[in-house]
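These are my notes from a first look through this structure. I went element by element and wrote down what I found.

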Amino acid sequence: MTAPTSPPRQFAASTFALAAAFIVVVFGLAVFAVWEMRSRAIEDGREQLERFLGGSTAAINQNLLAVDLLLADLGTMLRPTGSEDIAAAGRRAASNMQSLARHSLLVERLQVLRTDGHAIVPFEAEAVRLPERFVQQLMSQPVPELMVTAPTLSPRTSQQVMYFVRVVRLPDATQGLAVAEVQVASVARLLAHGAGTDGMEVTLESRTQGLLASVPPRAEIAPEAGSLAALAATVDGRGIAERSRGRLLGQDAIVALRPTLNPDVVLTAGLPMAQVLENFATERNLIVGVAALLMLMVAGVSIYALSQLREQWLRRREALHAKSTLDQALESMSDGFVLLDADGRVAAWNRRFAELFPQARAALEAHMPMTALENVVAGRASEAETAAAAAKMAQAEPGDGGRDGALVPAAGALPAPGEQELELPDGRTVMVVKSPTPSGGMVCVYRDMSEKRRHLADMVEGKAQLQATLDALPDVLLELCLDGRCIGFHSARASLLDIGDPVGRTLAEVLPGDAAIQIMAAMREAYLKGLSFGKQFERRASQGTAWFEISASRKLVGEGPDARFIVILRDITDRMSAQLQIDHLSFYDNLTGLPNRRMLLHRLQSAIDANVRRERQAALLFLDLDHFKTLNDAQGRNAGDVLLKQVAQRLQHLMREGDTVARLGGDEFVILIEGLSADAGTAVMQTQAFGEAVLAELGRPIQLPAMTYHGTCSIGATLISAGSASLDDLLKQADIAMFHAKTAGGDVLRFFEADMQTTVNARASLESELRAALKARGQFLLHYQPQVTTEGRVVGAEVLIRWLHPQRGLIPPAAFIDVAEETGLISPIGLWALETACKQLDEWSTHPRRRHLTLAVNVSARQFRKSDFADRVREVLIRTGADPSKIKLELTESLLHDEVADTIRKMKSLAAIGISFSMDDFGTGYSSLSYMAQLPLHQIKIDKFFVSGIGTNPKIELIVQTLIGMAANLDLEVVAEGVETQAQLDFLIRNGCRVCQGFFFGRPQPVEVLEAQLDADLALAPH
């Protein structure tokens, strides 16, 4: 067993923890001492400032009071005494003022001024110039007080001076200004008295005039110092701010603030923090040095102690290493191990023995004799008896007898050496090997053989299972040598391979040549890679053709010529048949049996490659049956399928060798003609002839189950040369040509031309841009063309959509409406136009001069035929709040071509909520007039084609008269479109048309222009 050891980390942690605690204490004491010394230095600085300010404030107050009293007495000096007149009193006062100035420590001269700045006494002297704003502040005092000006340059002495001024009453009962001129240097000397400390900053400041005087001299307060108000907000109860900035240099300093007897004047003193802490730095460095020395000593002692502890631990570890190595070797053994001493008692064991025999743990721990241990292992003694015997051994001396002597024999009984197999009660089999040791003891090794026996049984069972599995498999199994000779064969049932017993023969002797070659190739691959699978061969026999798949693996035994292989031949005939059918479905149309698009593209690529090699041309024909959808809808899909099959058969009969006809889907077929002339003109004629033959063949009647069908087709063709476009482009070109053939009425062939592609590209680009415009919003806008009565009154307008393209500018509707109709985009565009018009009507509804206006909105037949059209219109009216009676929907006669009943139903549904309808372009369609009486129409619009013929074509004039008369008889309002001349208007008025629309009244314009026109017409109308 491994003896427990104590790692040195515990000693290191304890040593370092003790050292760290002592270092923390030393560090804390040092920090406390430094902090105390710093606080004492700061407090000394505070006291020094207080002592200085105490004396300086008293001196400043005394001088300010003396100057204030002196100035206050000047008004009294000017008053005449006895028989003096004012002039004499002034001369006397001037003499006294000069005397007072000479005897004053601060005042250089005295002067009395009027409030306008003129000198009174002495009147011959130049008057002191006081700032006008300063004089205004002085005169605005409710109670006269002494004020001080900012330092300025004296014109008399060219020295920096300040003026102490106060208001006095003059002999004539008016107010004057008593002025005392004081040099800044005199005030600075007063401030410097007592400021003997190095670095001290002293300032005398005015709350209104700024810095008056300072020691050392400075022109202004440092920007970092801030204002007096900010300083006053930071001082404590003693008037001192510790964390502030010096007033002159802006350094960190302790600053004290003291007010004077004059509320406008303040005295400050500051000591730079560096000066305050100068002596503190020396003391601090001393304390830090002592503390650092102590901490280094502690760290050194700790490291020395740790090194001693580590040496002791290393010596102990080396002593235990040998035993630990032995213990690890024993614990890693897969066999149980017991070591007996010379007395036959258990001296040591490993973990594996305790796992094999857990019931012997008590005997092991009590170091009982081997005989007792064997009794426990063999099951001759119970675990409880062993535990009791172990307890007795703990109290008895070795060799003692007693009634338990059979269980616990005396020491010295060693078992005989050798091997022994034990059958344990739990069914396990254990092999015991006993060997003597040089010291007189014995080593016993216990190996559990149960697992080995189970493995042997499993191998026997596995072999039987493998044989059963092989018998159950339908595959043929061969064991082959490297030269292809068979040394083993298994086939549980009859196989189409039919090779009999191939053992002892080579593959070439029992199989056809191609099959033997494929198997040998699989064996070579398995020889190099270890495995081979996927190779196949075909075996034709009288019972039919069979396919086999080869799987080969190399056996682990044998090298070089002695290599052996297991080859499995699996019958995959059913799978191959299914794959062939899948391949056929992948490349051929299921209905007609013709090649599909995939096969067509493959053959088309081959044709292009052949053209390059042979310098020949080919042609691609895209064929589409005309009116196939009509047949499908009328006769059903079954009839359509029969037609497609017969068309495929007829096209196949027309094919030459090498030509291909394919069905792309629906009623679309593609024919690939190869081997045409290299000359383009001749190739076109050959293609034309072939196409006409196709048209003629498909134009013949086709018998369907319920009818004889007469059909036609449309064909688009394009030539394929060596430099032709890609496969998709060729199909696209043929498709475009077919589209033009169908547009021409069908039953015709058209060749692809470059202009067709340009047209298609332009249309596709326009469609894409239309969709982007719908998403972007803001590109569509409405123009309004007024509808005017014959009296000249605007009663409404027709809204006409315009497209404000980001690059092309304003696009008229004729350029994009047809594309919108074909793609279905007309529905969202039309709905946007309707909603925009309704919003405009709602806006006009609050305008007294425009609320009568109506708006006509065009609705396309495709949009109107949508099943939810009426619901969408109602939703727009609800969202916008527009009056339905102000909306007029303009429809075209194309609505009457089909689904007339549904059209009438929708119109009546919308008419019920107040919407009126107008028949646009009336007279140009071919609808039956019988529907006119059924439709809930309110208005018809005479097309501008008829209006433009007025005055030039009498027949057209007769048609217009007829239309107006018919509308009058049907009680319908008439609107004439396209009125451009006065003559046209006069004709329409004479024949009863009351509302007109056209360029004669105004072009379609934005709503702002229409509103401006309406306002202008109202302004010109008589009131």
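I began at a hairpin: E30 is joined to E31 through three residues. I take strands (E, at least two residues) and helices (H or I, at least four) as DSSP runs, numbered from the N terminus. Strand E31 covers residues 809-811, and three bridges join E31 to E30 in the antiparallel sense. I count two strands as paired if DSSP finds at least two bridges between them. Histidine 805 has glycine 809 in E31 as its bridge partner.

Before going on, I noted the ground rules: this is a predicted model, where local features need pLDDT of at least 70, side-chain atom pairs count only at pLDDT 80 or more, and totals for chains, interfaces and linings use all residues. Residues are numbered from 1 along each chain as its sequence is written, and side-chain values use heavy atoms, with hydrogens and water left out.

**Strand E30 and its other partners**

I next looked at strand E29, residues 780-789, which pairs with E30 in the antiparallel sense over nine bridges. Valine 788 has valine 794 in E30 as its bridge partner. E29 and E30 also form a hairpin, with four residues between them. Glycine 792 sits in that turn with a positive phi of about 90°.

Then I checked strand E32, residues 854-858. E32 runs parallel to E30, and four bridges join them. Glutamate 798 stands opposite alanine 856 in E32.

How many of the twelve residues of E30 are buried? I found ten, so strand E30 (residues 794-805) is largely enclosed by the rest of the structure. My cut-offs are these: buried means under 20% relative accessible area, exposed means over 50%, and partly exposed lies in between (1.4 Å probe, protein chains only).

**A five-stranded sheet**

I turned to an open sheet of five strands with antiparallel pairing, in the order E8-E7-E11-E10-E9. Which strands stand at its edges? They are E8 (210-215) and E9 (240-245). Each has a single partner strand, so one side of each is left without a neighbour in the sheet. The twist averages 30° from one strand to the next. I read this angle from axes, which are lines fitted to C-alpha atoms (for helices, over the stretch in contact), with angles from 0 to 180 degrees between N-to-C directions.

E9 pairs with E10 (residues 252-259) in the antiparallel sense over four bridges. There, arginine 245 has aspartate 252 in E10 as its bridge partner.

**Salt bridges**

I searched the whole structure and got 30 salt bridges. I count one where a side-chain nitrogen of Lys or Arg lies within 4 Å of a carboxyl oxygen of Asp or Glu.

I looked up glutamate 43 and arginine 238: they form a salt bridge, with the closest N and O atoms 3.3 Å apart. Glutamate 43 lies in helix H1 (residues 8-77) and arginine 238 in the loop between helix H5 (228-234) and E9, so the pair ties together parts 195 residues apart in sequence. Glutamate 43 is partly exposed at 29% relative accessibility. Arginine 238 is partly exposed too, at 35%. Both belong to a salt-bridge network that links Glu43, Arg46, Glu50, Asp236 and Arg238.

Lysine 906 and aspartate 902 also meet in a salt bridge (3.6 Å, N to O). Both lie in helix H26 (residues 900-911), four residues apart, about one turn of the helix. Is lysine 906 buried or exposed? Lysine 906 is buried, with a relative accessible area of 2%. Aspartate 902 is partly exposed at 24%.

I noted one further pair, aspartate 868 and arginine 872, at 3.5 Å, N to O. Aspartate 868 is partly exposed at 28%, and arginine 872 is partly exposed at 37%.

**Helix H2**

I checked the length of H2 (residues 86-103). At 1.5 Å a residue its 18 residues should span 26 Å, and its end C-alpha atoms are 26 Å apart, which agrees. The expected span is 1.5 Å times one less than the number of residues. Among the buried residues of H2 I listed Ala88, Gly90 and Met97.

**Loop residue arginine 656**

Last, I found arginine 656 in the loop between helix H18 (637-654) and strand E23 (660-665). Arginine 656 counts as partly exposed at 40% relative accessibility. Its C-alpha atom is separated by 8.2 Å from that of isoleucine 673, 17 residues apart along the chain.
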